[in-house]
Amino acid sequence: MKEIEWIKDMVKVCINNDLSENDKRNRFEELKMRYEKFTLTERNLIKKTIKEQFEVNDQIYLYSVLLFYIAKEEFAESVLDALLLGQFDACTGSMLELQTRIYDKVFKNFYQKIRVFHRKNIDRFDENLMIDFPYLDVKSRNKRRIVIVTEQLISISHSPTSVVFRFAYALKKMGYEIILLVCPDNREISEELWYHNGEMGAIKRFFSEPLKISYQEELFVGYQIDMSQVCLKEYHMMLSLIYAWNPYFVLDLGTANPVVDLIEKFTTLVAWEMSISCPVSEAGILIRLGRTDDKLERDYKEALLENQVQLFMEENIPVLVEDSSEQCFRSEMKLPEERFLIAIVGNRLDTDINDTFIAIMQKILDDVSCVDFVIIGEVNDLKMKLDDEIFQNRVYYLGYQELMKVYSILDLYLNPDRLGGGFSSAMALIAGLPVVTLPNCDVAYNVGEEFVVSDYEEMMQTIKRYVSDKKFYEHKAEQAHSYKEKNTDAKMERYVKILLDKVIRKIEGMEQNDAGI
C-alpha cells in the first residue's frame, strides 16, 4: 500500500543521521508532495498505522520531525494525542508542553487539548510537591503586596523582559511591594524524544544567587528557579514563600511552566500572556489583550473551568522604550550601505520562518534587487533552511541586539505569519520604522490597521511600494513616529491602574460570591 510505503520512507529519513541537512530537506519536500496527494481517508490510515505500530515516545519523535520539516496542523494534533497518552515526569512533561508554544502557529487550533496536557503536567507537579496550604482568605491578604511570576528575564533589550519591568515599575510607583519570581522551562530533554527541541533562556548568575535588578532607580528583588535536578525542592520553597508573604494576588506574566498554576490552590492567580491569545493556565483570572477569530474564541470559552473568567483590556498596552544612547552605523554591523534592509525579529525565528514564508522571502529577493534581509534574534536551524543560492550575501544574521539602536539603520520591519512579535514591532514604530504584517496576530493588534495587509500577495506588493515610492514611505514613517507620542509613562501608569481595578473588582466579586452575599 502506498500509505505504508510513505511511512517506511518517512521513518528512514527520520532516523538516518548520515544525511546532510540539505538532503533531509529535499527528502521531506518529496514526502510532503506525496502526502498532499493522499485523500483524507489515506491520511487517516497513516495516522492510525503510526498510532498502532509505534510506541508513544516514538510517535512523539516522528511527529516532532515532521513538524520541523512539514509544519502541518494535522501533525500537531497527532503529536498532542501521543503526548496525552505518554507517561512523563513533571519537568519532561513541561518541556514537551513548551514545544507546543514554540510551534504556536500550528498548535493554535488545539487549545483545548493543550489545556488537558497542561492539566496533566500540573497534576504531576502537585503529586511531587504536595501543596496543601489552607486557602488565603481575601480579607486576610496584604493588599499592598503583589508577586510577579514570569518565564524569563534576559535583558532590558529583550521585549518581554522590558514589559515585565515596566509593569513592575508602574506598580511600585503606585505604592505596591513587589517580589519577582522567574520560572524558566530550561531543562534539556533528549533529542530522541523531540527533534530539535527548544528551551527558554535564563540569566546564569541567578542560578545560585538571589535576583537583584535595578530599573529606573528602583531595586527589584526575587528569585530565579531553574528547572534543574533539584528544582522540585526549590519550587516548594517558592510556593511556601508566596504563601508566607501573603500577597493580594499573584500576577503571572507569560509563564509557560505549569508549576505556577499550583498557586491557584491557595490564593488568586492572574495569568496574562501579554498577547491576544488566551493563556494556557488554570488561573482564576485570565487577562486578554484582544480577541482573535470566532472559532478560537469559542475554543477558549469552552475550555474555561467553572470558576475561570476572562478580562479583556479595551486599549492597547503602551510600549515604552528609551532611544538608544549609542549611534549605530551599518559598517559596524557589517551591513551594506546602499541596500533596502528589511528586519525580521523574534525569539523563535527557527520555527516562525517556515517554508511558506521562505518562499515569500525568495520571491521578494527575486523581484526587488535592492532588498536584503536582516535577521535579529538567535537562530540555528534557520541558517540551514536559507541555503538556496539566492539567500547568499543577501541575508544578515545579527543575533540578539539592542533593538532601538539597530532599528535606526534599517528600513522596514516585516512580520511572518505567527502569533508573537507584538512588542518588537511596536518598538520598530517608535524608532520610525514602518511595519508590514498580516492580521489576527499580536503585531497587528499592537501596530494598528495602517500597517496590516490581507495576505502574502499584498505583503509583497506593499514591500515593492515601500522600495519604489518615496512619498509613500515617508508618509508611513510619519505614521510610525506618531506611535511614540501615544505611548508615555503616564499612559502606562493609567493602563496598569485600569487592569488593576478590573482584577480587584473581580477578586472582590469572587469573595462576595464565596460568602453568599
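Reader: What covers the buried residues of helix 11?

Author: Helix 8 (111-129), strand 7 (285-288) and strand 8 (309-312) are among the elements that cover the buried residues of helix 11, where contact means heavy atoms within 4.5 Å and helices (H or I, at least four residues) and strands (E, at least two) are DSSP runs numbered from the N terminus. This is a predicted model, in which local features need pLDDT of at least 70, side-chain atom pairs count only at pLDDT 80 or more, and totals for chains, interfaces and linings use all residues. Residues are numbered from 1 along each chain as its sequence is written, and side-chain values use heavy atoms, leaving out hydrogens and water.

Reader: How do you know which residues of helix 11 are buried?

Author: Buried means under 20% relative accessible area, exposed over 50%, and partly exposed in between (1.4 Å probe, protein chains only); in helix 11, residues 294-303, the buried ones are Leu296, Glu297, Asp299, Tyr300 and Ala303. Seen down the helix axis, these buried residues fall within an arc of 160°, so they line one face of helix 11, while the face turned away carries the exposed Asp294, Lys301 and Glu302.

Reader: Why are helix 6 and helix 8 called roughly antiparallel?

Author: Helix 6 (residues 90-102) and helix 8 pack at about 155°, with their axes 9 Å apart. Angles under 35 degrees count as roughly parallel, over 145 as roughly antiparallel, 65 to 115 as roughly perpendicular and the rest as oblique, and therefore this pair is roughly antiparallel.

Reader: What makes helix 16 roughly perpendicular to helix 19?

Author: The axes of helix 16 (residues 422-430) and helix 19 (residues 470-485) cross at roughly 105° and come within 6 Å, and that angle makes the two helices roughly perpendicular.

Technical notes
Arc of directions from axis to C-beta. Axes fitted to C-alpha atoms, helices over the stretch in contact; angles between N-to-C directions.
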